[in-house]
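Take a look at the model, then read on.

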Amino acid sequence: MSKPSDKQDLAAAPGSSGVKRAFSLPPQWLHMYDDFITKNSHQVSQIESTLRSLTYIIPGRFRDAEIASESIHSGVQLLSLYHDTLLSRAATLSKLPLSSLSRAPSPQSRYTKFWTLKSAFYRRVAYVLQIVNYVQLLCEMSAKRRGERVRWNVVVLLEAIKAFCKLLLLRITKSRPLLTPVLPEREPIPDEAPEDPEEAELRALGEDDEDRKPFGKGSVGAPQRKGVGPNGEWTMPRTGMSLPTLPAPGDTSGYLLSRVLTADDIKPASNLLNRLQGSAQLAEVLHILAPLVFAIALARSKDKRKSWTPWLLGVGTELAARQLRDRGLRTTPLEREEWSRRGWAMGWWAMRGAFYENVTKGVVGGVRSRMPGLLAGIIEDYEYLWENYYFSTSA
């Protein structure tokens with residue numbers, strides 16, 4: 001008889017089955033977690049919003065515990081990104097409750113979802129860009145503990161990665177403007193209306209029992225409520241089609257407007273943004289490079305707080321992009337909405353570089369001195385962040 005091999009001895013060992021079971025548990029736990037997130041999407045969104053708000057308003061969030069608090073904030077953002085992926089996948093496979101799919105997706109979600117499904121390369125680059133946006137401040141805080149030179153090398157490196165990713169996305173989408181964010185946003189999930197106990201009881205009785213009960217429970221002469229859904233819609237028994245509930249008397253205009261189709265609603269997702277040409281394409285490239293230009297100039301400046309040269313270079317590049325952009329009739333509503341968002345985001349330049357040190361800082365200090373103690377403490381914590389970290393005011 002031949003001797004058993006070492007592999008057979010290992011397989012026959014008493015602890016081998018336990019090891020295999022231990023390694024099989026994490027995938028099972030992850031699958032259970034994914035199912036929980038899919039089935040409780042509304043509650044998960046509320047919990048994420050609460051945790052994110054706490055990281056914003058806790059006094060003393062910065063200074064001594066800055067890395068710990070920013071780690072929590074970045075962790076919540078990354079977890080939310082993972083949840084977005086799960087819910088998007090579940091929506092594609094129609095695993096979400098009908099109540100969470102009742103609203104039409106926004107143009108931004110339609111466009112970005114089109115590209116994430118069409119191009120795997122777009123999806124990977126977009127995820128890299130989003131992750132860098134979520135952890136950039138945490139990376140800067142960690143690098144600052146190793147010295148100012150290391151910190152600015154990390155800042156320039158992260159801005160270069162972001163610019164490179166955006167240029168790749170511009171190439172993948174065939175020179176179409178970039179949206180913010182570059183991934184589909186999670187659509188707001190409406191609250192589920194509580195179900196009438198009478199309707200639940202009638203449904204639990206079954207169709208045959210309902211057919212034998214012409215009146216509702218506990219009422220004389222009441223009409224039968226068979227086919228009424230939890231949100232009040234009525235399902236026709238022969239065709240199976242649903243009739244929505246009538247609007248409130250004071251909300252008739254809003255009800256009708258919500259059912260009007262616009263040109264963007266019937267337009268293919270890829271045509272929600274036009275391809276850029278000539279000066280419009282140059283404007284998009286300048287907008288992408290503006291933060292990198294500012295970071296490089298600031299890193300090479302000797303007086304980073306009071307030197308106007310980096311700030312003027314950054315703002316000048318952004319203003320040049322706005323002047324060169326296409327304002328013609330062919331501009332789509334989604335593109336105008338994106339440029340409007342970029343216009344509001346330019347307000348962050350008032351919190352950066354020499355403009356903040358010479359102008360905004362005094363204004364913020366004056367406002368803080370007139371605020372109650374708790375609010376003044378929160379503003380003071382943010383002042384510390386604005387003065388010491390580049391990515392705290394990165395748009």
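Start in the loop between H7 and H8, which is where Lys174 is found; helices here are DSSP runs of H or I with at least four residues, strands are E runs of at least two, and both are numbered from the N terminus. This is a predicted model, in which local features need pLDDT of at least 70, side-chain atom pairs count only at pLDDT 80 or more, and totals for chains, interfaces and linings use all residues. Numbering runs from 1 along each chain as its sequence is written, and side-chain values use heavy atoms, with hydrogens and water left out.

- Lys174 has a positive phi, near 60°, despite being a residue other than glycine.
- For background, most residues other than glycine have a negative phi, and most peptide bonds are trans.

**Helix packing**
- Two packed helices are described by the angle between their axes and the distance between the axes.
- Axes are lines fitted to C-alpha atoms, for helices over the stretch in contact, and the angles run from 0 to 180 degrees between N-to-C directions.
- H6 (residues 120-144) and H7 (residues 148-172) have axes that come within 10 Å and cross at roughly 165°.
- The H6-H7 crossing is left-handed, meaning the near helix is turned anticlockwise from the far one by less than a right angle (clockwise would be right-handed).
- Sorted by class, the contact of H6 with H7 has 18 nonpolar, two polar and six charged residues; Ala, Val, Leu, Ile, Met, Phe, Trp, Tyr, Cys and Pro count as nonpolar, Asp, Glu, Lys and Arg as charged, and the others, Gly among them, as polar.
- H15 (residues 353-369) packs on H16 (residues 373-388) at about 170°, with the axes 10 Å apart, and this crossing is left-handed too.
- On the H15 side, Tyr356, Lys361, Val364, Gly365 and Arg368 meet residues of H16 including Ile379, Glu383 and Trp386, where contact means heavy atoms within 4.5 Å.
- That H15-H16 contact comes out at five nonpolar, one polar and five charged residues.

**Around H5**
- H5 and H6 pack at about 115°, with their axes 5 Å apart.
- Trp115 is one of the H5 residues in this contact, and Tyr122 is among those it involves in H6.
- The structure holds twelve aromatic pairs, with rings of Phe, Tyr and Trp (its six-membered ring) pairing if their centres lie within 6.5 Å; planes under 30 degrees apart are stacked, over 60 edge-to-face and the rest tilted.
- Tyr111 and Trp115 have ring centres 6.5 Å apart and planes at 65°, so the pair is edge-to-face.

**Confidence**
- The protein averages a pLDDT of 78, and 71% of the residues score at least 70; pLDDT is the predictor's confidence in each residue, from 0 to 100.
- Among the elements, H7 has the highest mean pLDDT (96) and H9 (residues 207-211) the lowest (43).
- Residues 190-225 stay under 50, and the model has 39 contacts for them beyond four places in sequence.
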